[in-house]
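Good morning, and thank you for the time.

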Amino acid sequence: MRAVTLTTVPRYAGSRTPQLGAHAVVVGAGVAGLSAACVLADGFDTVTVVDRDTLPDDPVARRGVPQSGHIHVLLVAGQVTLDDLCPGFGADVLASGGALIDGTRDVCFYAEGGRLADGPRRVPLYCATRPLYERTLRRHVAAFDGVRIRSNCRVTDYLLDETETTVAGVAIHDETGRDELAADLVVDATGRTSRTPTWLDAHGYTPPAVDEVTVDLTYSTAFVRRPADDRRAFVVTPSPPEARGIGMLPVEDDRWLMTVFGVHGDTSPADASGVVDFAANLPIPEPARILDDHPLADGSVSRYRFASNRRYRYERLERFPDNLVVVGDALASFNPIYAQGMSVAALDALHLHHALSAGGREDLAARFFDRAAETVDLAWNMAVGADHRFPDTKGPKPRGVGVLNRYLARLLRRAHTDGVLADAFFRVQMMERPPTSLFRPGIVWRVLRPG
């Protein structure tokens, strides 16, 4: 199976989508659900996106996404895909206060005992909070003809037709009471809380097998006041025996969003003084110096626990109801320190677009799950492969992960002084290029040459 990245999957082309039906329903108004609604609007007369949360017009964290207040990075693959799905998306993020930085020159990336060298090419990155990304995407999707977004609306069940093999809509509960929405296609974008596996089991279907890799991650986030012209960003990745790290990015309202984290028992702090102490014990001095000169924006700290990577193997099911697909974190969720979630969600929508364009709704689930599995394979192997550097990590290991980790460790150490290797690594991390690009002869020579 090939690794699907920005350079290996065809770009979005809405004009190729045939007429697919009268109505589609998307359950969940996060990045995965909104991205899916973009592509469904090409082939359905109407698309209804429902979410149990209130969806405010301001970019604020919402209850149904408890991790939304923490750092989120939109990788290059996600940036390009969302700009294709919603032209002007990136410009609107920046117009709303988001920052544009160079991922090569503005980011201090510390790994394997040193800072990576500046690469030879620019890597433009948007930087914003997750609520701002969602608010911007929600505004674009709501402006599409035929799309309606319903907040405070909870889906209580899938509806089956008389054959009990086809999903024909959803049962909902909102402020007005209970109702039903008929649909020609239903998309589950409800994230890690997805109830589709339980529903399948209750209705005579085999639920998907689950791969789980435990990492016992805790991360804590605070906003730090930032001079408007300071675009610096910092990343420290955990590497045995060091179990802690940091991500610190410039975001809207002249702030840095700083997330500190620890794995396997190195618990992140729950208060401001703890964050300051944690930053003082990182291998780079700049975050602690910034905290000396710039106060926390409001003094508050939020903490979140992520126990395990989790992947549902829908692509292996032999039987699945028609007119239902599952996307985003409901398919697979990854250690968030690798920042893959939003970009994989956008690529899921791209796979859904290509599956619908190629064959309509016939056998859609099987074709979509096969396509999506290619991108999930890439993100999963990168995330859990890195997690398996720690001996306390439990769960299935990707094949060859030990050899690969040793090679990547050597590559990163050489990248402390070799910008070409740093650039090659970043392009893979950004899901722009596949990991096989790190084994091109010129790269292998730079990694393995003596001296």
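Contact, in what follows, means heavy atoms within 4.5 Å. With that in mind, please note that the model on the screen is a predicted one.

Let me begin with the division into domains. Domain 1 is made up of residues 14–100, 129–211 and 309–388. UniProt, in an unreviewed entry, lists residues 24–361 as "domain: FAD-binding". That span is 25% helix and 32% strand, and its end C-alpha atoms lie 11 Å apart.

I turn now to the interface of domain 2 and domain 3. How many residues of each are in contact with the other? The count is 16 residues of domain 2 and 16 residues of domain 3. The C-alpha centres of these two domains are 23 Å apart. Between them, about 1,300 Å² of area is buried, and carbon and sulfur atoms give 66% of it. On the domain 2 side, the residues that lose the most area to domain 3 are Glu 112, Leu 116 and Arg 121, which together account for 40% of what that side buries.

The polar side of this interface deserves a word as well. Two salt bridges are found across it, along with five residue pairs in polar contact. Strand 4 (107–111) and strand 5 (114–115) are the elements that give two or more residues to the side of domain 2 touching domain 3. Arg 121 also forms a salt bridge with Asp 423, where the closest N and O atoms are 2.6 Å apart.

Next, helix 2, residues 76–85. Is this helix mostly covered or mostly open? It is mostly covered, with seven of its 10 residues buried. The buried residues are Val 76, Ala 77, Gly 78, Gln 79, Thr 81, Leu 82 and Leu 85. Among the elements that cover them are helix 1 (31–40), helix 3 (89–95), strand 6 (124–127), helix 4 (130–142) and helix 8.

Helix 4 brings us to Leu 132, which lies within it. Why does Leu 132 count as buried? Its relative accessible area is 1%, and buried means under 20%. Beyond its sequence neighbours within four places, Leu 132 is in contact with Pro 59, Val 93, Ser 96, Gly 98 and Glu 252.

Glu 252 itself sits in the loop between strand 14 (244–251) and strand 15 (255–263). Because its relative accessibility is 4%, Glu 252 also counts as buried. The side chains of Glu 252 and Thr 129 are joined by a polar contact of 2.4 Å. With residues up to four places away in sequence set aside, Glu 252 touches Ser 96, Gly 97, Gly 98, Ala 128, Thr 129 and Leu 132.

Where does Phe 334 lie? Its place is the loop between strand 18 (332–333) and helix 8 (341–359). Phe 334 counts as buried because its relative accessibility is 8%. Its contacts, apart from neighbours within four places in sequence, are Phe 306, Asn 309, Gln 340, Val 344, Val 376, Ala 379, Trp 380 and Ala 383. Arg 399 is 65 residues from Phe 334 along the chain, with 18 Å between their C-alpha atoms.

Thank you; I shall gladly take questions.

Definitions and conventions: Residues are numbered from 1 along each chain as its sequence is written. This is a predicted model: local features need pLDDT of at least 70, side-chain atom pairs count only at pLDDT 80 or more; totals for chains, interfaces and linings use all residues. Side-chain values use heavy atoms; hydrogens and water are left out. Helices (H or I, at least four residues) and strands (E, at least two) are DSSP runs, numbered from the N terminus. Buried means under 20% relative accessible area, exposed over 50%, partly exposed in between (1.4 Å probe, protein chains only). UniProt positions are given in the numbering used here, feature names are shortened, and annotations may be inferred rather than shown by experiment. Domain bounds come from an automatic or database domain assignment. Buried area is the accessible area (1.4 Å probe) that two parts lose on being put together, summed over both. A salt bridge is a side-chain nitrogen of Lys or Arg within 4 Å of a carboxyl oxygen of Asp or Glu. A polar contact is a pair of N or O atoms within 3.5 Å; within protein, one must be able to donate a hydrogen and the other to accept it, and residues adjacent in sequence count only if both atoms are side-chain atoms.
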